[in-house]
There are 2 protein chains.
Amino acid sequence: MKSYIHGLVCPKCKKHYDHRKVQHLCECGSPLLAEYDLKGAGRAVNSNTIAGRPPNLWRYAELLPVEDEANIVSLGEGFTPLIPLSRTAAQYGFGALYLKDEGLIPTGTFKARGAAVGISRAKELGVKEVAMPTNGNAGAAWSMYAARAGITAFILMPEDAPYITRNECAAVGAQVYLVKGLISDCGKILARSIPARRWYDASTLKEPYRIEGKKTMGYEIVEQLGWQVPDVIAYPTGGGVGIIGIYKALKEMQELGWIGEKLPRMVAVQAAGCAPIVEAYKKKAPVSDFFPNSKTVAFGINVPKALGDFLVLEALYKTGGCAVAVEDREILDALRELAAAEGCFVCPEGAAVFAGLKKLRAENWIKPEETAVLLNTGTGIKYPDILSFDLPYCAIDGEI
Amino acid sequence: MKSYIHGLVCPKCKKHYDHRKVQHLCECGSPLLAEYDLKGAGRAVNSNTIAGRPPNLWRYAELLPVEDEANIVSLGEGFTPLIPLSRTAAQYGFGALYLKDEGLIPTGTFKARGAAVGISRAKELGVKEVAMPTNGNAGAAWSMYAARAGITAFILMPEDAPYITRNECAAVGAQVYLVKGLISDCGKILARSIPARRWYDASTLKEPYRIEGKKTMGYEIVEQLGWQVPDVIAYPTGGGVGIIGIYKALKEMQELGWIGEKLPRMVAVQAAGCAPIVEAYKKKAPVSDFFPNSKTVAFGINVPKALGDFLVLEALYKTGGCAVAVEDREILDALRELAAAEGCFVCPEGAAVFAGLKKLRAENWIKPEETAVLLNTGTGIKYPDILSFDLPYCAIDGEI
């Protein structure tokens, strides 16, 4: 298996960069995207060859940036289950509804995909130290893979980030610093520190390989549906790397000839308390405005202005998709409903997507015969305090 | 795919039972084991046919008890990664060392395997209500699959059980009762309640199908090693269902002709604070004595007397295995060591196994050229308080 990567390109100003050197943002400030020799890859591999490979994201190695297999840093990530939600589909009148469960992955969230590919590629490029600001889960994932790679991770985290993610970082030996502020404050500290420290900046979209890990969700959904695209893919949207990645994967699969002209309509689901993409979508704007005083129970999508907002919006516009906002109350109700009806204990961000899909179905934006895929980005067990229950006691000498 | 189950048998008194009816313990008090027409199964399926199937435990459907595929209740469980621990193997001089990571499974612990198969089979037998005492993780798993099956779960849990597991049960709609006592007290309440309530008793080994789910770990390890057996499989041993199941799988694979005469040496790892199997093993006794005042940080293996102790000990004796005890301090050190060296954030029970393997290697009970498999039964993220760190702050206007 060899990688068919042949360079990096700026999606904004189209400038090309050498992928064999460490690269971050384009001179114009945009994130860079990896480009592949898709003709060559298409000759080397097809859906049949992939079918026989181990069930992890490295089954798409030709379309990933790691050039020497020896640099792959893996904990068995990817090829997460696509779970049919038959009861719910029948109740709301979807043609079919699937949950892509990113809870079943190292560190319990989809962040592991970006970290696995990002760290593998950083190792390949000779990086010894990476640094990033994080709301928790990305830091945990990058710390974990960095430890496995023998790379030191420096992690800046708001003190309000989920407690368990702090411990994940610290347990694997990352250098963790808490900040009495937001992730944006952490980012500013990092920016001030980098000139002297010369760390590899692994902030969202500031290196080009995290997105390559995330895009494998797109390949997997299509493979797991028998190389068919669904009508709708709905994604909880904060930084937007997942939606950008899935859209990139879909376009690559078109060029590879693995799927036809039809693309799924991409849906960005946001919390009403932090909905910059929804606001931009309403105005058909190409970029988003900073969303002030953002607040939501879905901590992972509390991103008031994403660096890749224009790429997210492009994915929505080009696929005939949309953006939808849901209230925190709807998120918590959706979380309980999905748990009780389907046995799926999702993270609040995944619950937000379910709430969004119900809205779109109610408005008939999703038609009765259509197939939708709900991306659940993490396991509910990382959020022990999201629900609380007043449970009854049974006396030790009693019966029920 | 059809199941080749043809009955249930008592491993103690050899009495046979009809698997098409609800069955619990044998008249003699022993757990029952499922028996298969292995000749028939061997004609229907081989390692090549299995290779092409989806990566979950249902790939071994011929060797599982569910007779009609429509009754399978699945959340994508099984075929968890077998992760090479190369750095650690080199450091301690193992030939090879692998971690079977049961953190990447619904509910984050190996309990999902038993629950998936147990609930599927209960559904097949027409069961509407199940009940069980639990230290947390089993209750969470059975609640989750019960919700998906449309079965009501009644769960009795010590108030000291991990908080997150309470919420998992309650979130999916299980009827949860807290008890100011131990799991044994919960079991007694259940026993008193069952005559009037007529629940299906899903307590450990009191129904014969949980073990069938657990045994798939044995099939997977062998398949993932290219249908070779390792020299040693080490398992954290509380109730012992995992070790009994893996041993059962190995014997089935021998009869199927999928492996040769050599079996891996099975190792039961226990906490020094609760080591009934280790005590019995030292005396070469066929059963264990109740271990008084048991206490350990590894809550999941705090089982002072297991119903299936004789089956665990048989697995050790018949394979030339052993039992080893580790101190809580060694468990916590092992947890941190594995995290930092390999990026694997395991549960305390998995860490206990690593501590045990290091001991056996130091004593040369495991030889330098030998391959060992470490069973990690759950993800570390379910134990947010197991480690604590005093993390530094960085000023909001500072740098690092």
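Predicted model: local features only at pLDDT ≥ 70, side-chain atom pairs only at ≥ 80, totals over all residues.
Q: What makes A:Val130 and B:Val130 stand out in the largest nonpolar core?
A: Of its 290 residues, these two touch the most other members. Such a core joins buried Ala, Val, Leu, Ile, Met, Phe, Trp, Tyr and Cys through C-beta atoms within 7 Å.

Q: Why are α4(B) and α5(B) called oblique to each other?
A: Helix α4 (residues 111-124) and helix α5 (residues 137-149) of chain B pack at about 40°, with axes 8 Å apart. Angles under 35 degrees are roughly parallel, over 145 roughly antiparallel, 65 to 115 roughly perpendicular and the rest oblique, so this pair is oblique. Their contact residues divide into 11 nonpolar, one polar and two charged.

Q: What is the handedness of the crossing where α4(B) passes α5(B)?
A: α4(B) passes α5(B) in a right-handed crossing (near helix turned clockwise from the far one by less than a right angle; left-handed if anticlockwise).

Q: Why does α9(B) count as oblique to α11(B)?
A: α9(B) and α11(B) pack at about 50°, with their axes 9 Å apart. That angle makes α9(B) oblique to α11(B). The crossing of α9(B) over α11(B) is left-handed. Here B:Ile243, B:Ile244 and B:Tyr247 in α9(B) meet B:Leu311, B:Val312 and B:Ala315 in α11(B). By class, that gives six nonpolar, no polar and no charged residues.

Q: Which residues of α11(B) are buried?
A: In α11(B) (residues 309-319), B:Asp309, B:Phe310, B:Leu311, B:Val312, B:Leu313, B:Ala315 and B:Leu316 are buried (20 or more other C-beta atoms within 10 Å; exposed at 12 or fewer, partly exposed in between). What covers them includes α9, β11, α10 and β12 of chain B. Just after α11(B), B:Gly320 takes a positive phi of about 70°.

Q: How many residues does each chain give to the contact between A and B?
A: Chain A gives 58 residues and chain B gives 58 residues. On the side of chain A, α6(A) supplies the largest share, seven residues.

Key
Residues numbered from 1 in each chain as written. Chains lettered and ligands numbered in written order. Axes fitted to C-alpha atoms, helices over the stretch in contact; angles between N-to-C directions. Helix = DSSP H or I, 4+ residues; strand = E, 2+ residues; numbered from the N terminus. Nonpolar A, V, L, I, M, F, W, Y, C, P; charged D, E, K, R; others polar. Contact = placed C-beta atoms within 7 Å.
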